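Please examine the model displayed below.

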Amino acid sequence: MLKLLMLALPLLSSLVHAAPGPAVPRGGIVGGQEAPRYRWPWQVSLRAYNIYWFHICGGSLIHPQWVLTAGHCVGPTIMNPNNIRVQLRKQNLYYHDHLLPVSQIITHPGFYTVQGGADIALIKLKNPVNITSYVRPVSLPPASETFPSGTSCWVTGWGDIGNNVSLPPPYPLKEVQVPIVENHLCDLKYHKHRSTGDNVLIIHDDMLCAGNEQSDSCQGDSGGPLVCRVRNTWLQAGVVSWGDGCAQPDRPGIYTRVTSYLDWIHRYVPKNS
Ligand code: 4AZ
């Protein structure tokens, strides 16, 4: 959604933030804090080129050779894999980049707009990555996993820290815990102060909501993972997709529900490892 806009932002924000900042926590993602270095080893940054390889979206390693991201990060129009690079887990974006080439981009054929759903895509790396304790894939959930409210879930990324407020240098990876909002309740919230008919669904079954006025994902976090701790394992529940602003009242963040797309993912990505 942002793409070319994002180009100037890292440079601009370094100027803006040269002045004493507002009394808010620094970092991408609304609320939360800088992620500890050993956490979220599956987080990646997707890059496109214009003067430099700038961050367009987040993503997650789900296999040594595959990255999961949002459809709107790389589609719906077909993109040349040569125009995208992948940066594996980094504490600070743009510091000592080591960009990996991509051999294939697969956007879900049902994706047209974020509101329409199927906002999911797969990126195949030219070469599998070495798995270490700092870089490793996240597990996908079993199809039966519903992620009810009360589940402990976190979203991570280098995106905006507030509405139209970009992450300032040194661009630390941020994390925030977000409360799951059940689909029916989320749909009710999204109908507030909107003209959409009560009978028209805004939050579709292939979406999942999480966040509140303190904690949310935001622009630039798109494509990144929402992970939940279930039976002592991290499972990727969602892909950052859209929302009406960030951390606004009655507007939780909206994620692509990963369990809705397991069959599609496994058409391309081998199971386990
Ligand atoms: C965006 O525009 C975006 N608060 C991402 C996440 C959210 C809203 C917008 C969720 O990429």
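The following questions and answers treat the chain and its ligand in turn.

This is a predicted model, in which local features need pLDDT of at least 70, side-chain atom pairs count only at pLDDT 80 or more, and totals for chains, interfaces and linings use all residues. Residues are numbered from 1 along each chain as its sequence is written, and side-chain values use heavy atoms, with hydrogens and water left out.

Q: Over which residues is the pLDDT below 50?
A: The pLDDT is the predictor's confidence in each residue, from 0 to 100. The chain averages 91, and 89% of the residues score at least 70. Where pLDDT is low, the predicted coordinates should not be read in detail. The stretch with pLDDT below 50 is residues 1-27.

Q: Is Gln 43 buried or exposed?
A: Buried means under 20% relative accessible area, exposed over 50%, and partly exposed in between (1.4 Å probe, protein chains only). Gln 43 is placed in strand β2. Because its relative accessibility is 0%, Gln 43 counts as buried.

Q: With which side chain does the side chain of Gln 43 make a polar contact?
A: A polar contact is a pair of N or O atoms within 3.5 Å; within protein, one must be able to donate a hydrogen and the other to accept it, and residues adjacent in sequence count only if both atoms are side-chain atoms. For Gln 43 the distance is 2.6 Å, and the partner is the side chain of Thr 156.

Q: What percentage of the ligand's exposed area does the protein bury?
A: The ligand has 12 surrounding residues (a heavy atom within 4 Å). A nitrogen atom of the ligand is 2.8 Å from a side-chain N or O atom of Asp 216, and an oxygen atom of the ligand is 2.8 Å from a side-chain N or O atom of Ser 222. Taken alone, the ligand exposes 310 Å² (Shrake-Rupley method, 1.4 Å probe), and the share buried by the protein is 94%.

Q: How many residues apart in sequence are Arg 37 and Gln 91?
A: Arg 37 is in the loop between β1 (33-34) and β2 (43-50), and it counts as exposed because its relative accessibility is 54%. Leaving aside neighbours within four places in sequence, its contacts (heavy atoms within 4.5 Å) include Gln 91 and Tyr 134. The C-alpha atoms of Arg 37 and Gln 91 are 6.3 Å apart in space, while their separation in sequence is 54 residues.

Note on methods. Helices (H or I, at least four residues) and strands (E, at least two) are DSSP runs, numbered from the N terminus.
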